[in-house]
Amino acid sequence: MATECLDKKQTIDLRKKFIGPSCKVFFSHDPLKIVRARGQYMYDENGQQYLDCINNVAHVGHSHPAVVRAGTQQMELLNTNSRFLHDNLVLYAERLQATLPDPLSVCYFVNSGSEANDLALRLAWQYTGHRDVITLDNAYHGHVSSLIDISPYKFHQLSHDEHKQSVHVAPSPDVYRGKFRADHPDPALAYSDEVRDIITRAHERGGKIAAFIAESLQSCGGQVVPPPGYFQKVAAHVRAAGGVVIADEVQVGFGRVGSHFWGFQLQGEDFVPDIVTMGKPIGNGHPMSCVVTTREVAQAFMAAGMEYFNTFGGNPVSCAIGLAVLDVIQNEDLQGNALRVGAHLSRLLGGLKETHPMVGDVRGPGLFVGVELVRDRVKLTPATAEAQEIIYKLKEQHVLLSADGPHRNVLKIKPPMCFSREDAEHVVEKIHLVLSEIETALNMSMPSPVHLENGKNKSKLPEENGVQGKESHIKHIQT
């Protein structure tokens, strides 16, 4: 087994020498060297513990013993490709399908979210015979060429001439800073009408819609939660045009939203995508992913006459790990934990909104929460630089967060699903302290008054914020 034998500077120097310069690291001004992790905690080379609020990949917790054991035991027996019969493949497919609505019944196993979304496009193109794709603004679906083409999060950095004419960008259904906001009488209808109009314009230019693809909740786009009914209305327009609907669950699936196993289910039982893609949490860090679709789409794909084969997709080790992940989610009630702890976290963050003018919006279900930071709540001026400063200051407090969205001003909280109430309270307390420091430096006015308890002002912590100060602030937020 490899051991950590280099000091941090040597590791950085070798990375600069041998690793592509486009491969960025977190906290580039002072990157972390992480040597081990367990549960929701990561540890650097000096043994310093960090609370991980970034890794939605280590879904059931870093280095979960049941997952590690399942992979190790299967690796000792056999690992080969899916051209040989093996029970793990069919048993895992059966277990996975049981979490989905019945029409979604055919699985293709691959190795990453990018592979899954690339295959989903191939399925859509073959099934419909069309080529045009509708995506959402600020979307990210993967790093291979076909997906960069449909990821405005990436291709907005390219020149206009490099954009595919067959790719159409619909507005992100963001009811906080988008085109149609929470005060609109029917934002779901308004945003879906934008998709309808895109279809009309595409048809006028001779295009035909193959697919509408969207994350069930946008992640890189800024933790955007679509208004209820949006996907149903979009699906009606897309299917009427002969296209299919692809739900990208790579970031939000496997119980993260708490109330449901899949993010698309938040829209209601009357919405079922034609294709679902999944990755990241599926293997708890092991590289695997899956595309699930209907029998009709799968039959059309086969009719093309080209065999589909993936060397590592669905291998016995990957499927053993996938089964173990599903077992842990069920046995440890991690979906229920996401619901309970996520609700507690959102309540605490909502309390910050009442006391910090920089907190413009708190949104997201379960353990998929975004905090949008603004310098002006009326103009919604993004607090981009402040968001970056906050994540660095939180790192100094041994809490790992990231910021994303089109303005890089949304704090993303998407930790391992074993995240606890105490973890939520700790994170919110640290965010409160850092916000207070930055807002004071910027002379941002605080709301005035004041919740009193036992004659003391509980909206302000004691100066150095010892244990008693922390408990007081958390109690204030919860009330």
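The model is predicted, so local features need pLDDT of at least 70, side-chain atom pairs count only at pLDDT 80 or more, and totals for chains, interfaces and linings use all residues. Residues are numbered from 1 along each chain as its sequence is written, and side-chain values use heavy atoms, with hydrogens and water left out.

Two helix pairs were examined. Helices (H or I, at least four residues) and strands (E, at least two) are DSSP runs, numbered from the N terminus. Axes are lines fitted to C-alpha atoms, for helices over the stretch in contact, and angles run from 0 to 180 degrees between N-to-C directions. Helix H7 (residues 187–204) and helix H8 (residues 230–240) have axes that come within 8 Å and cross at roughly 20°. H7 is therefore roughly parallel to H8 (angles under 35 degrees count as roughly parallel, over 145 as roughly antiparallel, 65 to 115 as roughly perpendicular and the rest as oblique). Helix H2 (residues 65–77) packs against helix H10 (residues 316–331) at about 155°, with the axes 8 Å apart. H2 and H10 are thus roughly antiparallel. Their crossing is right-handed.

Backbone geometry was considered next. Most residues other than glycine have a negative phi. Phenylalanine 27 has a positive phi of about 55°. Phenylalanine 27 lies in the loop between H1 and strand E1 (34–38). With a relative accessible area of 8%, phenylalanine 27 is buried (buried means under 20% relative accessible area, exposed over 50%, partly exposed in between; 1.4 Å probe, protein chains only). Aspartate 333 also has a positive phi, near 50°. This aspartate 333 sits in the loop between H10 and helix H11 (334–355). Aspartate 333 is partly exposed, at 37%. Glycine 207 belongs to the loop between H7 and strand E7 (209–215). Glycine 207 is buried, at 14% relative accessibility.

The structure holds 18 salt bridges (a side-chain nitrogen of Lys or Arg within 4 Å of a carboxyl oxygen of Asp or Glu). Aspartate 13 and lysine 9 form one, at 2.7 Å from N to O. The two residues are 4 apart in helix H1, so about one helical turn separates them. Aspartate 13 is partly exposed at 35%; lysine 9 is exposed at 56%. Arginine 83 pairs with glutamate 307 at 2.8 Å. Arginine 83 lies in the loop between H2 and helix H3 (87–97) and glutamate 307 in the loop between helix H9 (295–303) and H10, so the bridge ties together parts 224 residues apart in sequence. Glutamate 307 is exposed, at 55%. Aspartate 404 and lysine 412 form a salt bridge at 3.3 Å. Aspartate 404 is buried at 8%, and lysine 412 is buried at 4%. Salt bridges with shared partners join Arg177, Asp361, Arg363 and Glu372 into one network.

A nonpolar surface patch comprises Leu6, Leu14, Phe18 and Ile19, with about 360 Å² of accessible area together. Patch members have over 30% relative accessible area and no salt bridge; like charges are joined within 9 Å, nonpolar side chains (Val, Leu, Ile, Met, Phe, Trp, Tyr) within 5 Å. Accessible areas come from the Shrake-Rupley method with a 1.4 Å probe; for residues, only the protein chains shown count as cover. Phenylalanine 18 is in helix H1 (residues 8–18). Phenylalanine 18 is exposed, at 59%.

Methods: A crossing is left-handed if the near helix is turned anticlockwise from the far one by less than a right angle, and right-handed if clockwise.
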